[in-house]
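Me: I've got a two-chain model open and I'd like to talk it through. Can you walk me through what's in there?

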Amino acid sequence: MIPRLARPALLAAALAGCAGAERPARHEIAIQAFVYQPASAPVRPGDTLVFVNRDAVPHTATAADGAWDTGDIPANASRTVVVGENGVGGYKCAYHPTMTATLTQAR
Amino acid sequence: MNRSTRTLALALTAPALLALAAGCAKDDGNANGSADSTAVAAAPAPIPPPPGTPPGVQPSTVTDPQIAAIVVTANATDSAGGVLALEKGTHARVKEFAQRMVTDHGGVNQQAVALVTRLGVTPEESNTSRQLAQGGQQTRQQLAGLSGNGFDRGYIDAEVEYHETVLHAIDTTLIPSAQNAELKALLQQVRPAIQAHLEMAKAIQKELQGAQ
């Protein structure tokens with residue numbers, strides 16, 4: 001029989017066994033004054049990106065290689081995408097190509 | 001930009017651009033633009049005029065109600081130009097840009113109107129806002145007489161000139177003159193949009209020149 005006090009330790013050990021798979025994270029990326037903030041975000045596959053448009057005009061966040069696209073993000077609205085297996089790389093606003101940012105591989 | 005196209009752009013935009021570049025000077029709201037109009041009391045130090053400003057024109061300040069009217073008019077003017085370009089433009093990128101001008105300037109104007117309404121500021125016409133509206137109308141009339149590549153180049157050249165001048169006016173007259181903090185913040189928020197539009201227009205201008 002396992003002593004009552006030891007149970008939490010065993011549970012922690014069991015959970016640690018799953019440590020190889022990081023829990024997906026949620027990243028909020030603001031769009032304000034025609035800039036993505038942060039301009040560079042470290043991500044892992046499965047993470048969720050929430051793009052929040054704080055400008056008065058619509059924007060998008062569109063992968064440079066076309067792998068993913070938020071579609072139209074109206075003023076004061078947000079859109080969510082999940083990072084794919086090969087989701088890192090540059091992205092831009094399809095409406096305003098001067099707006100660019102990058103997703104990097106998290107360590 | 002080749003010489004003939006440059007001349008066209010300047011001819012098309014001159015009234016509206018001069019209004020923004022120099023018309024803010026001593027803008028007393030007098031439609032006749034009398035030469036002896038006086039600057040707003042307690043005005044900040046005069047701001048140097050942009051290159052090309054006619055001699056004798058000294059920039060000064062504008063009031064918040066006048067700034068509100070200038071912002072609304074400037075957005076409406078460029079949005080109307082976009083509507084024309086959607087109709088007459090031929091190059092895909094010109095039409096995309098035109099749609100962006102309609103959408104973005106419409107959005108900015110909604111934001112501006114909402115702000116001045118909340119602040120209880122009643123936009124006040126001035127020489128600048130009137131000349132902007134008149135100049136924009138003249139520009140559209142002249143562009144309406146063009147077609148095909150000539151229209152595309154004329155429209156984009158005019159947009160480059162327009163956004164350059166609006167940017168200069170924001171930096172040197174409108175933001176420094178704005179007294180209300182939220183109105184000043186609005187202008188600061190609008191500036192990146194104008195900068196992005198300018199860079200987009202320049203890229204298309206370069207592409208059109210390469211296609212000649």
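Reply: One term before we start: two strands pair if DSSP finds at least two bridges between them. With that in hand, in β7(A) the bridge partner of A:Ala63 is A:Tyr91. And keep in mind that this is a predicted model.

Me: Which strand does β7 of chain A join with 2 bridges, and which way do they run?

Reply: That's β5(A), and the two strands run antiparallel. β7(A) covers residues 89-92.

Me: What about β7(A) and β8(A), how many bridges there?

Reply: They pair over 4 bridges, again in the antiparallel sense. One example is A:Gly90, whose bridge partner in β8(A) is A:Thr102.

Me: And what does β3(A) do with β8?

Reply: β3(A) is joined to β8(A), residues 100-105, by 4 bridges, and this pair runs parallel. A:Ala41 sits opposite A:Leu103 of β8(A) there.

Me: What's the strand order in the sheet, then?

Reply: It goes β3-β8-β7-β5 in chain A, an open sheet of 4 strands with mixed pairing. β3 (40-43) and β5 (62-63) are at the edges with a single partner strand each, so one side of each has no neighbour in the sheet.

Me: What holds strands of a sheet together, in general?

Reply: Backbone hydrogen bonds, in either a parallel or an antiparallel arrangement.

Me: OK, zooming out. How many helices and strands are in chain A?

Reply: Chain A has 1 helix and 8 strands. The chain has 107 residues, and 35% of them count as buried.

Me: And chain B, what's it built from?

Reply: 6 helices and 0 strands. Of its 212 residues, 48% are buried.

Me: How much of the contacts with a separation of 6 or more comes from residues 24 or more positions apart?

Reply: In chain B that share is 84%. For chain A, the figure is 49%.

Me: Let's do the interface. How many residues touch across it?

Reply: 12 residues of chain B are in contact with 9 residues of chain A. Between them the chains bury about 870 Å², with 71% of that on carbon and sulfur atoms. From chain B, α3 (92-119) and α6 each supply at least two residues of the side that touches chain A.

Me: How many salt bridges does the rule find across that interface?

Reply: 0 between chain B and chain A. For polar contact, the rule finds 1 residue pair across the interface, both residues at pLDDT 80 or more.

Me: How many salt bridges over all chains?

Reply: 7. Among them is B:Arg100 with B:Asp104, where the closest N and O atoms are 3.7 Å apart. Those two residues both lie in helix α3 of chain B, 4 residues apart, which is about one turn of the helix.

Me: Is that B:Asp104 buried or exposed?

Reply: B:Asp104 is buried, since its relative accessible area is 0% and the cut-off for buried is under 20%. B:Arg100 counts as buried too, at 10% relative accessibility.

Me: Which residue does B:Glu164 form a salt bridge with?

Reply: B:Lys202, with the closest N and O atoms 3.7 Å apart. That pair links distant parts of the chain, 38 residues apart: B:Glu164 is in helix α5 (residues 148-177) and B:Lys202 is in helix α6. B:Glu164 counts as partly exposed at 33% relative accessibility, and B:Lys202 is partly exposed at 38%.

Me: Where does α6(B) start and end, and what caps its N-terminal end?

Reply: α6 of chain B spans residues 181-210, so to speak a 30-residue helix, reaching 44 Å from its first C-alpha to its last, close to the 44 Å expected at 1.5 Å a residue. The cap is B:Asn180, with a side-chain oxygen 2.8 Å from the backbone nitrogen of B:Glu182.

Me: Last one: where is B:Thr77, and what is it in contact with?

Reply: B:Thr77 is in helix α2 (residues 64-88) of chain B. It counts as buried, at 12% relative accessibility. Leaving aside neighbours within four places in sequence, B:Thr77 is in contact with B:Leu132, B:Ala133, B:Gly136, B:Arg140 and B:Tyr162.

Technical notes:
Residues numbered from 1 in each chain as written. Chains lettered and ligands numbered in written order. Predicted model: local features only at pLDDT ≥ 70, side-chain atom pairs only at ≥ 80, totals over all residues. Heavy atoms only, no water. Buried < 20%, exposed > 50% of the residue type's maximum accessible area, 1.4 Å probe, protein only. Contact = heavy atoms within 4.5 Å. Expected span 1.5 Å × (residues − 1). Polar contact = N/O pair within 3.5 Å; in protein donor to acceptor, adjacent residues only side chain to side chain. Buried area = accessible area lost by both parts, 1.4 Å probe. Salt bridge = Lys/Arg side-chain N within 4 Å of Asp/Glu carboxyl O.
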